Every structure is written in C-alpha cells, then in structure tokens.
Amino acid sequence: ESCIAHHIFQSFPRTLSAEAIAIQARHRSNVIMEKARESSHSVQPDVRAPTVGVPAGAPAGVPANALSGCLRAIESGLRKVIRGSGEPVRLALVALLAHGHLLIEDVPGVGKTTLAHALARSLSCTFHRIQFTSDLLPSDVIGISVYRQNLERFEFKPGPVFANILLADEINRTTPKTQSALLEAINEHQVTVDNKTYPLPDPFL
C-alpha cells in the first residue's frame with residue numbers, strides 16, 4: 001500500500017503543493033470508489049475479471065482502509081486474468097488513481113489488450129480499442145460533425161476516444177497528425193471539434 005501511495009504522489013507534477021496533490025488524489029479515489037459501487041450493483045455477463053464492490057458501511061468520504069481494500073480486491077481479480085508479474089497490474093492501478101496514462105511496450109501476445117479490457121470490466125467502465133494504421137485520420141479518433149439535413153444543423157458524432165479506458169494499439173504506425181489528435185485528450189481530458197469543446201468521461205485512462 002505504501003508503495004502504491006508513493007507511486008501515486010510521484011505521478012503528480014512537482015509544481016503542485018502538497019495540499020493540491022492531496023485534493024487531486026482524494027478526487028481520484030472518490031471516482032474509483034463510485035465506479036466500484038456501480039459495479040457491485042450491476043450484472044456482468046461473461047465476466048473475465050471479477051467485479052469489485054465497496055466494503056459494507058464505507059462512508060462517502062472514502063476512508064483509507066476502504067480504498068485500500070477495494071484496490072487489493074481489484075488487483076487480486078486482475079491477477080487472475082493477467083498471469084506472470086504483477087507489476088503491470090499495480091502500475092495500471094497507480095496510473096488510474098493518479099489521473100495518468102500508460103505506455104506499454106512488449107511483444108505480441110503477452111496480455112496488453114487483456115489488461116486494459118479486464119480493468120475496464122472490473123470497474124464497470126466503458127472500453128474502446130483503436131487499431132492505429134497509416135491511413136487513420138484524426139476524425140476517426142476524436143469524432144466528426146455531420147450535417148443533419150432534417151434538422152438543418154451539424155451534429156457531433158463522438159469517436160472512440162470517448163471511453164473510460166481507451167487502448168491505442170500500435171500508435172507508432174499512424175501519422176504524427178493523427179497522434180497529435182490525442183494530445184488534448186491526454187492533457188486536458190477533453191477534445192475540441194469545430195471550436196466546440198467536449199469533455200471526456202471520468203475516469204479517462
């Protein structure tokens with residue numbers, strides 16, 4: 001637990017004050033616990049990773065012991081799906097709590113996609129996967145405005161980036177222009193199309 005806490009606080013910018021870091025960490029904890037509450041009341045068909053609920057009687061303030069128990073249960077469930085070293089699982093949870101992102105480099109077939117999918121199912125989060133290719137356009141990632149003739153106006157069609165857990169597979173294969181479409185989403189958790197800003201769901205990993 002102390003190791004997880006250390007990684008979480010190390011993930012925040014050093015320019016933030018200790019109070020600001022604590023506020024952000026508390027916010028992330030509340031979001032994760034709320035997702036866990038939702039998952040405990042939902043039915044998950046064909047579950048590949050066990051759904052985790054909040055300990056009974058846990059107050060809304062998310063005490064440290066409740067969050068710690070919830071994280072341990074999520075980690076235990078993910079380890080049943082991801083075999084081998086538990087370090088990727090722990091770092092994925094740290095990135096989620098720290099409002100960060102993951103860059104995973106490894107050979108094919110070691111469970112990178114499975115890890116992202118299992119994490120999303122464990123928290124009852126939405127999951128989208130983008131296979132990056134050389135002909136992929138920015139609008140294929142963030143979405144596009146389509147003209148609705150019957151309404152005589154443009155309507156925004158969200159792209160796959162609008163998900164809690166987004167897997168960008170083989171991102172190095174696409175053009176820099178398409179890669180840059182993710183920068184605003186990664187840094188500010190929002191996308192801008194036709195001078196309109198659309199917030200991304202929270203959490204966003």
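User: Is Phe162 buried or exposed in this predicted model?

Analyst: This is a predicted model, in which local features need pLDDT of at least 70, side-chain atom pairs count only at pLDDT 80 or more, and totals for chains, interfaces and linings use all residues. Residues are numbered from 1 along each chain as its sequence is written, and side-chain values use heavy atoms, with hydrogens and water left out. Buried means under 20% relative accessible area, exposed over 50%, and partly exposed in between (1.4 Å probe, protein chains only). Phe162 has 17% relative accessibility, so Phe162 counts as buried.

User: Which kind of pair do the rings of Phe156 and Phe162 form?

Analyst: Rings of Phe, Tyr and Trp (its six-membered ring) pair if their centres lie within 6.5 Å; planes under 30 degrees apart count as stacked, over 60 as edge-to-face and the rest as tilted. For Phe156 and Phe162 the centres are 5.9 Å apart and the planes stand at 65 degrees, so the pair is edge-to-face.

User: Which kind of pair do the rings of Phe156 and Tyr198 form?

Analyst: Phe156 is buried, at 15% relative accessibility, whereas Tyr198 is partly exposed, at 21%. Their ring centres lie 4.1 Å apart with planes at 10 degrees, so the pair is stacked.

User: How many residues apart are Phe156 and Tyr198?

Analyst: Strands (E, at least two residues) and helices (H or I, at least four) are DSSP runs, numbered from the N terminus. Phe156 lies in strand E3 and Tyr198 in strand E6 (residues 196-199). The pair thus links distant parts of the chain, and the two residues are 42 residues apart.

User: Which residue stands opposite Phe156 in E3?

Analyst: Two strands pair if DSSP finds at least two bridges between them. Strand E2 (residues 143-148) and strand E3 (residues 153-158) run antiparallel and are joined by 6 bridges. They form a hairpin with 4 residues between them. Opposite Phe156 stands Ser145.
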